[in-house]
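Here's a quick briefing to read alongside the sequence and the 3D view. Have both open and follow along.

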Amino acid sequence: MQTTASQVPGPAIHVQGLLKSYKKLEVLRGVDFDVARGSIFALLGSNGAGKTTVVNILSTLLKADAGTASVNDFDIVAHAADVRQSISLTGQFAAVDEILSGRENLVLVARLRHLQAPGVIADALLARFSLTDAAARRVSTYSGGMRRRLDIAMSLIGNPPVIFLDEPTAGLDPQGRLDVWQAVKELAGQGTTVLLTTQYLDEAEQLADRIAILHGGRIIVNGTLAELKQKLPPVKVEYVEKQPTLEDVFLAMVGDDGKNDDAGDDRSGGTRN
Amino acid sequence: MTKHFLGDTAVLLGRSLRHIARSPDTIITTTIMPISLLLLFVYVFGGAIKSGSHSYVDYLLPGILLITIASGISYTAFRLFLDMKSGIFERFQSMPIARSSVLWAHVLTSLVANLISLLVVVLVALLMGFRSGAGVLPWLAVAGILILFTLALTWIAVIPGLTAKSADGVSAFSYPLIFLPFISSAFVPTDTMPGPVRAFADYQPVTYVINAIRDLYTQRPVGTGIWIALAWCVGILIVAHLFARVIYRRRIAW
């Protein structure tokens with residue numbers, strides 16, 4: 001994992017005063033946040049809160065009306081090409097080519113990132129994301145979870161230091177969600193900075209080092225899970241019979257195919273170290 | 001970034017060509033209508049049409065070729081539209097590639113697909129008795145005009161491909177283009193048409209292109225018409241290209 005600008009290691013993502021309107025609709029009304037290098041940052045918000053708009057601006061797909069932002073120390077407007085070299089984006093809908101096979105998709109991205117030995121890179125990722133058996137099949141035959149795994153695998157090609165995941169588990173079954181969570185944790189473990197957006201509170205709770213809530217076009221809270229919890233009224237102690245959740249039942253009945261090492265009965269959800 | 005333009009375009013062209021190779025039905029559906037028209041006009045209406053050529057298929061072919069291109073480019077728009085709708089377009093645009101290569105790959109794919117379709121239609125015409133005594137040079141000139149015409153129409157197709165809201169809307173633009181050869185010298189000489197229709201038919205670009213192609217392969221002098229045909233093609237190409245670029249830049253926040 002090489003970080004390109006090593007002289008002044010500022011935050012991996014720095015956002016200040018971001019404004020964006022679509023015609024009369026003000027989506028972002030002054031968004032500020034920083035994301036530390038190697039951390040997982042969750043942008044939490046309901047549908048239409050502007051999470052995707054933030055991600056699209058940071059990945060140079062959209063121009064902000066005002067404000068500044070830098071990614072990996074590159075200004076997103078002045079050094080857009082360097083930003084694109086530093087990031088990868090996994091959008092809300094799996095950005096895969098349906099007509100190509102899984103392997104061809106990976107090779108395609110490796111070629112477009114101008115890497116040596118695209119075939120070797122593709123095979124390694126297929127193995128890592130348990131897609132080797134499906135490698136030669138057209139993506140149109142993949143399940144939602146496989147598609148997402150391929151999508152994320154495509155985003156890892158070239159080891160970009162910053163990864164944007166826009167609602168990475170939307171529309172996935174519970175097993176697919178756990179697979180994605182596992183992949184995200186591994187990434188951050190290797191020093192990659194991850195900015196993920198989600199509307200699932202438990203997802204932010206499970207994965208993120210810091211959580212920011214985007215509401216009404218602004219970040220209304222930003223902190224670690226513990227800090228956010230302190231802002232709430234004091235804890236009440238109640239005795240509740242611990243019933244298995246439907247998710248526990250579902251996963252126990254279906255089994256987890258051995259794909260997830262920590263996804264068995266012990267999913268207490270301790271934060272990564 | 002532009003240093004990767006050629007390489008990136010080649011990679012993306014490979015991707016789209018693979019799409020075509022895996023769904024050859026786009027070539028088949030592109031050629032079905034022109035071939036049907038060819039059969040219909042030669043074997044059903046042709047006997048009653050006085051074209052002045054000794055063989056009606058010889059007269060008809062250029063118009064059919066232009067109709068082939070006009071129906072082929074609706075797939076160009078459709079393929080681009082699909083990329084825009086699926087996340088793959090945004091993935092490409094967020095990667096360190098030459099951004100214009102995404103568009104150029106579609107344009108070149110359109111050219112390749114249309115040339116294949118044209119070849120299929122010409123082969124069918126040959127089976128139906130189309131013959132030309134023209135040598136290599138006139139045929140190269142015909143190929144050149146067809147390529148230029150395809151590129152001009154392709155850049156027109158890029159505009160709905162980038163802007164369309166629905167899959168139906170994206171191909172609707174090609175209907176008038178397919179219809180245009182009917183009011184030209186494609187099927188019948190224009191001199192039997194009533195005044196205003198004839199005026200339109202005589203001066204619209206399709207007539208110039210058709211006459212130039214026909215004169216080339218029947219070894220008649222092409223006159224100034226061919227230059228007007230080329231000027232139309234280049235003019236449409238440039239204007240459509242500029243429009244498409246502006247729309248593209250707006251779409252990708254260049």
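**Helix pairs in chain B**

Let's start in chain B, where the crossing of α6(B) and α10(B) is left-handed (left-handed means the near helix is turned anticlockwise from the far one by less than a right angle, right-handed that it is turned clockwise). This is a predicted model, so local features need pLDDT of at least 70 and side-chain atom pairs count only at pLDDT 80 or more, while totals for chains, interfaces and linings use all residues. Residues are numbered from 1 along each chain as its sequence is written, with chains lettered from A and ligands numbered from 1 in the order in which they are written. Helices (H or I, at least four residues) and strands (E, at least two) are DSSP runs, numbered from the N terminus.

- The axes of α6(B), residues 136-163, and α10(B), residues 205-217, come within 8 Å and cross at roughly 160°. That makes α6(B) roughly antiparallel to α10(B).
- About those angles: axes are lines fitted to C-alpha atoms, for helices over the stretch in contact, and angles run from 0 to 180 degrees between N-to-C directions. Under 35 degrees counts as roughly parallel, over 145 as roughly antiparallel, 65 to 115 as roughly perpendicular and the rest as oblique.
- On the α6(B) side, the contact is made by Pro138(B), Trp139(B), Ala141(B), Val142(B), Ile145(B) and Phe149(B); α10(B) brings Val209(B), Ala212(B), Ile213(B), Leu216(B) and Tyr217(B). (Contact means C-beta atoms, placed from the backbone, within 7 Å.)
- By class, the residues of this α6(B)-α10(B) contact are 11 nonpolar, no polar and no charged. (Ala, Val, Leu, Ile, Met, Phe, Trp, Tyr, Cys and Pro count as nonpolar, Asp, Glu, Lys and Arg as charged, and the others, Gly among them, as polar.)
- Another pair is α2(B), residues 25-45, and α3(B), residues 56-85: their axes come within 9 Å and cross at roughly 155°. That makes α2(B) roughly antiparallel to α3(B), and the crossing is right-handed.
- Residues in the α2(B)-α3(B) contact include Met33(B), Leu37(B) and Phe41(B) from α2(B), and Leu60(B), Ile64(B) and Tyr75(B) from α3(B). The contact divides into 12 nonpolar, six polar and no charged residues.

**Where chain B meets chain A**

- The contact takes 20 residues from chain B and 23 from chain A.
- On the chain B side, α1 (5-22) and α4 (88-93) are the elements that give two or more residues. The largest share, six residues, comes from α1(B).
- That side of chain B has eight nonpolar, six polar and six charged residues.

**Chain A and its sheet**

- Chain A has nine helices and 10 strands. Of its 273 residues, 45% are buried (20 or more other C-beta atoms within 10 Å of a residue's own make it buried, 12 or fewer exposed, in between partly exposed, with C-beta atoms placed from the backbone).
- Six strands form an open sheet in the order β6-β7-β8-β3-β9-β10 (chain A), with mixed pairing. (Strands pair if DSSP finds at least two bridges between them.)
- β6 (87-90) and β10 (218-223) of chain A are the edge strands, each with a single partner, so one side of each has no neighbour in the sheet. Neighbouring strands are turned by 15° against each other on average, direction ignored.
- How is β8(A) placed, enclosed or open? Six of the six residues of β8(A), residues 193-198, are buried, so this strand is largely enclosed by the rest of the structure.
- β8(A) pairs in the parallel sense with β3(A), residues 40-44, over five bridges. Five bridges also join β8(A) to β7(A), residues 162-166, again running parallel.
- Leu195(A) in β8(A) stands opposite Phe41(A) and is the bridge partner of Phe164(A).
- β9(A), residues 210-215, and β10(A) pair in the antiparallel sense over five bridges, with Ile213(A) partnered by Val221(A) in β10(A).

**Helices against the sheet**

- α1(A) lies across β3, β7, β8 and β9 of chain A, running at about 150° to β7(A).
- α6(A), residues 174-189, packs on the sheet too, touching β3, β7 and β8 of chain A, and its direction makes about 150° with that of β8(A).
- Eight of the eight residues of α1(A), residues 51-58, are buried, among them Lys51(A) and Asn56(A).
- Thr60(A), which follows α1(A), has a positive phi near 65°.

Note on methods: Contact = placed C-beta atoms within 7 Å.
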